[in-house]
Amino acid sequence: MNELEALALALEVEKAELRFYIELAKKAKDERAKKMFLFLAGEEAGHWAIFEEKFLEALVEKCELPTVDRGLLEKLVVRVDEENPGEVEAVKIGMEQEKLTWEFYERAAEEAEHESVRKIFEMLAKVEKAHYELLKAQYDSVMKTGIWMDYQDFSLEVD
């Protein structure tokens, strides 16, 4: 997969994650869960904007429209089998999604042609891993105590 195709695929993944977290926020009954899902949706929207800028730069440079590998996209976007998964199940699904995304971004960084694109993939891989850690901490908290943490209690700073 070339750099332009990786950027196009990243845009699709971020769009799917944004929609996923918005839907979870709409269905969440716990106010802290709702706020966390909305926070994550905002994060994914920010990632989409970053990738869109790099994608447009690459598009102008290459003067070609990439194709998105739909088979690979399906592997990178977790499908929700249930119509209304519970909040805890939704967190588990989110964890799986974030892991798939950060691993894809790490591979894309290794294959990037331009240093600026490599750095973006590396940075966002770290952010997606931090999202995973947030969701895992939430899952552990809810499973052990039955209480949702305030997502702001968790640091998402990356190196």
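With a relative accessibility of 48%, arginine 70 falls in the partly exposed class in this predicted model. Its side chain makes a salt bridge with glutamate 12, where the closest N and O atoms sit 3.9 Å apart, just inside the 4 Å cut-off. Across the whole structure, the search turns up 10 salt bridges.

Glutamate 23 and lysine 26 are both in helix α1, 3 residues apart, or about one turn of the helix, and their side chains meet in a salt bridge at 3.1 Å, N to O. Glutamate 23 is partly exposed at 34% relative accessibility, while lysine 26, at 58%, is exposed. In helix α4, lysine 99 and glutamate 103 lie 4 residues apart, again about one turn, and their salt bridge brings the closest N and O atoms to 2.5 Å. Back with arginine 70, salt bridges with shared partners join Glu12, Lys15 and Arg70 into one network.

Then there is the packing of helices. Helix α4 (residues 87–111) packs with helix α5 (residues 115–145) at an angle of about 160°, and their axes are 8 Å apart. That angle is over 145°, so α4 counts as roughly antiparallel to α5. The two helices make a left-handed crossing, and the residues of their contact split into 15 nonpolar, 3 polar and 9 charged.

Conventions
Residues numbered from 1 in each chain as written. Predicted model: local features only at pLDDT ≥ 70, side-chain atom pairs only at ≥ 80, totals over all residues. Heavy atoms only, no water. Axes fitted to C-alpha atoms, helices over the stretch in contact; angles between N-to-C directions. Parallel < 35°, antiparallel > 145°, perpendicular 65-115°, else oblique. Left-handed = near helix turned anticlockwise from the far one by under 90°. Nonpolar A, V, L, I, M, F, W, Y, C, P; charged D, E, K, R; others polar. Buried < 20%, exposed > 50% of the residue type's maximum accessible area, 1.4 Å probe, protein only.
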